[in-house]
Amino acid sequence: MGAEFVQLSLTPILIGILAAIACALPGNFLILRRQALIGDAISHVVLPGIVVAFIVTGTITTWPMLIGAAGAAVVAVIIIEAIRRVGRIEPGAAMGVVFTALFAAGVLLLEQTDTSGVHLDVEHALYGNLESLIWFSAEGWGSLLDPQALAGLPPELFRMAAAAFIIGVLTIIFWRPLKISTFDEGFAGAVGVPTTIFSLGLVIAAAVAAVAAFDAVGSIIVIAMFICPPAAARLMTNRLEIQVLWSIVFATLSAIIGYVLAGYGPLWIGRDHAVSAAGMIATVSGIILALACLFAPHRARIGAPKEG
Amino acid sequence: MSEVALELASNEGKAVAKPLPADSPLLIQELTVAYGEKPAVFSVDASIQPQSMTAIVGPNGAGKSTLLKAVLGIVPRLSGKVLVFGEPIENVMQRVAYVPQRASVDWDFPTRVIDVVLMGLYRELGLLRLVRRAHRERALACLDRVGMADFADRQIGQLSGGQQQRVFLARALAQNADLYLLDEPFAGVDAATERAIIDVLKALRGEKRTVVCVHHDLATVSDYFSNVLLINIRKIAEGPVATTFTAENLQKTYGGRLATAHIDQLKLPVA
């Protein structure tokens with residue numbers, strides 16, 4: 001693997017790995033809190049928020065996008081609450097309706113908006129543009145030490161690295177209260193853990209991961225990475241600490257194997273066109289989950305406690 | 001006399017005839033909690049006696065668990081005051097241990113018995129302090145008190161209901177508190193666990209700590225507890241079991257739901 005790999009594949013793979021990890025970390029806690037679909041929901045709501053932010057500011061830089069996504073999330077919560085109260089519909093159904101409707105509205109809005117100057121269209125929203133995040137200025141592995149070449153790295157790499165780093169550091173610092181409040185919210189409150197702030201913070205972390213990953217890798221990967229690596233990791237161990245490490249391993253494996261299979265797999269079987277890296281990465285994460293279900297050591301879940 | 005005691009005395013505009021709030025491990029004043037528009041607990045007053053074992057008794061939906069949670073601030077209080085050892089409970093949380101209902105958590109959570117007990121040391125460990133051998137040994141000693149030392153490394157989902165309840169009690173013991181609030185600690189446990197739990201609770205009382213349990217088994221109230229607080233949204237009665245746990249008060253608490261025949265079977269104190 002030489003210069004061509006560094007120029008064309010290295011940065012997309014790194015961005016894919018970072019996006020997968022940034023989503024998988026909060027995903028561990030969301031799944032244990034039975035809120036796995038919040039990740040799904042957020043990645044849907046992000047789209048109209050980003051489009052509106054683009055219409056207002058004319059750029060797709062990080063902060064307007066984050067604020068737009070956050071605004072959309074707030075609007076979504078208000079609409080859900082309104083539907084639930086006025087329509088007397090159960091919360092799950094209200095959520096489902098609102099998120100899909102907002103995503104669809106985002107697609108319509110996007111079609112009507114002139115985004116020719118930027119990487120923002122319906123296809124990007126779904127599969128991102130991982131393959132295009134290449135490192136033009138790289139000439140080989142040596143470029144990793146060349147400041148001039150490094151300056152030419154795609155900005156998405158830094159954005160994604162920053163998001164993954166912040167989420168990782170926050171997870172480590174707040175590990176203990178996060179674990180206690182995920183396991184036993186009542187007890188956590190009684191020992192002074194601000195449980196509301198933590199459940200909100202978790203959703204915000206998931207939103208940051210989703211927004212940062214959205215532009216680079218699209219919502220398919222975001223949705224898959226919130227759920228598949230943590231769910232597979234749960235089947236590997238009975239300790240949360242180790243589960244989170246496994247989820248990072250699975251997220252990384254999904255990104256690498258998925259990207260390589262998408263780029264080179266079709267050539268191996270004699271086709272000339274690569275397939276979508278985002279789609280393949282998400283598929284690989286699903287296959288890993290399926291394998292974990294079949295072969296992982298702790299797949300025999302204990303289930304409801306026995307009265308004894 | 002603490003500031004709060006003074007304030008109470010002056011509010012009522014008379015000399016303090018009642019015991020000072022500072023003497024009560026838990027003083028509840030006009031506590032009201034509502035879910036939506038319906039009050040779950042309405043204007044409940046209670047004064048838990050020092051070193052007592054108090055049962056909170058009442059029918060399903062009477063607000064027993066809600067009362068505990070509101071005391072701890074886990075559910076918001078609509079109005080009312082909660083004083084622990086004379087101070088607002090928020091200032092003295094380190095003196096209070098709480099055992100939630102066993103069924104309120106997912107026992108399939110990926111963690112070991114010892115890790116659950118170590119959660120009781122959260123106030124000491126804070127965010128980043130490492131768990132040292134001394135912490136681990138304390139947690140093991142607490143497990144030993146409930147007869148679960150051999151299970152320290154088990155995944156919590158492998159425990160029986162009674163064993164899970166004992167682990168919860170061990171976690172509360174690790175908190176080394178002065179006031180223990182337990183929500184239905186005897187619900188759905190085996191006889192051996194019930195025995196083990198009551199022995200630990202009685203030992204706590206012997207160590208001059210105070211125990212308050214939400215309790216559902218009327219038949220054991222007289223055997224296990226010194227005091228009783230009868231509630232059904234509102235407070236019905238409060239006092240020593242001998243004088244308060246009477247057929248008349250139970251009838252008031254449960255209304256028509258408790259048949260006279262059932263009351264007759266209880267070993268009620270003769271008032």
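Colleague: So two strands pair if DSSP finds at least two bridges between them. Which residue stands opposite B:Leu27?

Modeller: B:Leu27 faces B:Leu83, which is in S4(B). Strands here are DSSP runs of E, at least two residues, and helices are runs of H or I, at least four, both numbered from the N terminus. This is a predicted model, in which local features need pLDDT of at least 70 and side-chain atom pairs count only at pLDDT 80 or more, while totals for chains, interfaces and linings use all residues. Residues are numbered from 1 along each chain as written, chains are lettered from A and ligands numbered from 1 in written order, and side-chain values use heavy atoms, without hydrogens and water.

Colleague: How do S1 and S4 of chain B pair?

Modeller: Strand S1 (residues 26-35) of chain B is antiparallel to strand S4 (residues 79-84) of chain B, with 4 bridges between them. Both belong to an open sheet of 4 strands in chain B, ordered S2-S1-S4-S5 with antiparallel pairing. Strand S2 (38-48) and strand S5 (87-88) of chain B are at the edges with a single partner strand each, so one side of each has no neighbour in the sheet.

Colleague: Which helix lies across S1, S2 and S4 of chain B?

Modeller: That is helix H2 (residues 64-72) of chain B, at about 110 degrees to S1(B). The angle is taken on a 0 to 180 degrees scale between N-to-C directions, with axes fitted to C-alpha atoms, for helices over the stretch in contact.

Colleague: Switching to chain A. How many helices and strands?

Modeller: Chain A has 12 helices and 0 strands.

Colleague: What about its dimensions?

Modeller: The C-alpha atoms of chain A take up a box of roughly 65 × 45 × 40 Å along the principal axes.

Colleague: How many residues of chain B are in contact with chain A?

Modeller: 41 residues of chain B are in contact (heavy atoms within 4.5 Å) with 31 residues of chain A. The two chains bury about 3,100 Å² between them, and carbon and sulfur atoms give 59% of that. Buried area is the accessible area (1.4 Å probe) lost by two parts on being put together, summed over both. On the chain B side, B:Phe109, B:Pro110 and B:Tyr122 lose the most area to chain A, together 22% of what that side buries.

Colleague: Last one. Is B:Thr244 buried or exposed?

Modeller: B:Thr244 is buried, at 5% relative accessible area. It is part of helix H9 (residues 241-244) of chain B. Leaving out residues up to four places away in sequence, B:Thr244 touches residues including B:Val228, B:Leu230 and B:Asn249.

How values were computed. Buried < 20%, exposed > 50% of the residue type's maximum accessible area, 1.4 Å probe, protein only.
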